[in-house]
Amino acid sequence: MADESQKWVLMVTAQTPTNIAVIKYWGKRDENLILAINDSISVTLDPAHLCTTTTVAVSPAFNQDRMWLNGKEISLSGGRYQNCLREIRARANDVEDEKKGIKITKKDWENLHVHVASYNNFPTAAGLASSAAGFACLVYSLAKLMNVQEDNGRLSAIARQGSGSACRSLYGGFVKWVMGKEENGSDSIAVPLVDEKHWDELVIIIAVVCSRQKETSSTSVMRETVETSALIEHRAKEVVPKRIIQMEEAIQKCDFATFTHLTCADSNQFHAACLDTSPPIFYMNDTSHRQVLLTSSY
């Protein structure tokens, strides 16, 4: 590694879009690894409109990992951030920047710290999958900084450990999160179904009826749903597998009528499972109730 007295800084910037689920993820079989109880499908939004931009930097002058979100410093001590940092560092490789005279070996990464600056161009924690875009962008930018030689499928398994839906934001178009069966989560990854050019006529309109942060975290109430709702088990085992097949077919055929029917039905059942939770969960406000198409980001 370059001399510690050379206070160099090496930076990488990445941009990752958010995604909106059309067949939803709700419920985990493993809280730590974030393994879902059912498959899900989402559509990735245009990064020109809704995205996270993240800059990651490394320097021998940094004495600890630090992160800023929308200009405000946040803690990286949480398990989800630590899981992502650990997994990426374990896959780091040699990095060399001849112009700056920087050479970092694989072993050097164990002792180097990173600074992360992330910005969302849309409301954060308000139901628009900011955590999905955020963790996907964090993992992707760190992978580029540390020269990680993994494809997006393998990176999605790491992003998933930050936020389940994050695995789907590493691809454009329509994306399927395969729940997987392995206990270690190795087969719980995102796979692209079709790219963003497949259905050019489809336009996604996002109506922000409330930009305030959600009063209840998705993580805690999702756990309560799994523990208390009889509907969620039926949904995961009986309803979603059939809907996944139907939705994949509708997407391949660009069948808008079937696509919207399945999207609405799945959204309604998601909210029904929330109401079936003890105590009940209310994600819709009065404005949402008045809409024909009820959507959420999970």
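The legends below describe close-up views of one predicted protein model.

Residues are numbered from 1 along each chain as its sequence is written, and side-chain values use heavy atoms, with hydrogens and water left out. Because the model is predicted, local features need pLDDT of at least 70 and side-chain atom pairs count only at pLDDT 80 or more, while totals for chains, interfaces and linings use all residues.

View 1. Helices (H or I, at least four residues) and strands (E, at least two) are DSSP runs, numbered from the N terminus. Of the 298 residues, 48% count as buried. Buried means under 20% relative accessible area, exposed over 50%, and partly exposed in between (1.4 Å probe, protein chains only). A contact is heavy atoms within 4.5 Å. Among contacts between residues at least 6 apart in sequence, 74% join residues at least 24 apart.

**View 2. The largest nonpolar core holds 32 residues.** Such a core is a set of buried Ala, Val, Leu, Ile, Met, Phe, Trp, Tyr and Cys residues joined through side-chain atoms within 4.5 Å. V58, I88, I104 and W109 touch the most other members. At least two residues each come from β6 (51-59), α1 (79-90), β10 (102-104), β11 (113-120), α2 (130-145) and α3 (152-159). The most come from α2, which gives seven. A second, separate core has 20 residues, including V194, W199, L202 and M247. In soluble globular proteins, nonpolar side chains tend to be buried together.

**View 3. W109 and its surroundings.** Leaving aside residues up to four places away in sequence, W109 touches V58, R89, A92, N93, V95, I104, L145 and M146. Of these partners, V58 and I104 are, like W109, among the core members that touch the most others.

**View 4. Helices α1 and α2 pack against each other.** Two packed helices are described by the angle between their axes and the distance between the axes. Here the angle is about 25° and the axes of α1 and α2 are 10 Å apart. Axes are lines fitted to C-alpha atoms, for helices over the stretch in contact, and angles run from 0 to 180 degrees between N-to-C directions. The pair α1 and α2 is therefore roughly parallel. That label covers angles under 35 degrees; over 145 is roughly antiparallel, 65 to 115 roughly perpendicular, and the rest oblique. The crossing of α1 and α2 is right-handed, meaning that the near helix is turned clockwise from the far one by less than a right angle. From α1, R80, Y81, C84, L85 and I88 meet F135, L138, V139, L142 and A143 of α2.

**View 5. S59 sits in strand β6.** S59 counts as buried because its relative accessibility is 1%. Its side chain reaches the backbone oxygen of W8 at 2.6 Å. The S59 side chain also reaches the backbone nitrogen of A61, at 3.1 Å. Beyond residues up to four places away in sequence, S59 touches K7, W8, V9, L112 and H113.

**View 6. I204 lies in the loop between β13 (190-194) and α4 (218-228).** With 36% relative accessibility, I204 counts as partly exposed. Its C-alpha atom is 9.5 Å from that of I20, 184 residues apart along the chain. Not counting residues up to four places away in sequence, I204 touches V43 and L45.

**View 7. H271 belongs to helix α6 (residues 256-275).** H271 is buried, at a relative accessible area of 8%. Setting aside residues up to four places away in sequence, H271 touches Y283 and M284.

Definitions and conventions
Polar contact = N/O pair within 3.5 Å; in protein donor to acceptor, adjacent residues only side chain to side chain.
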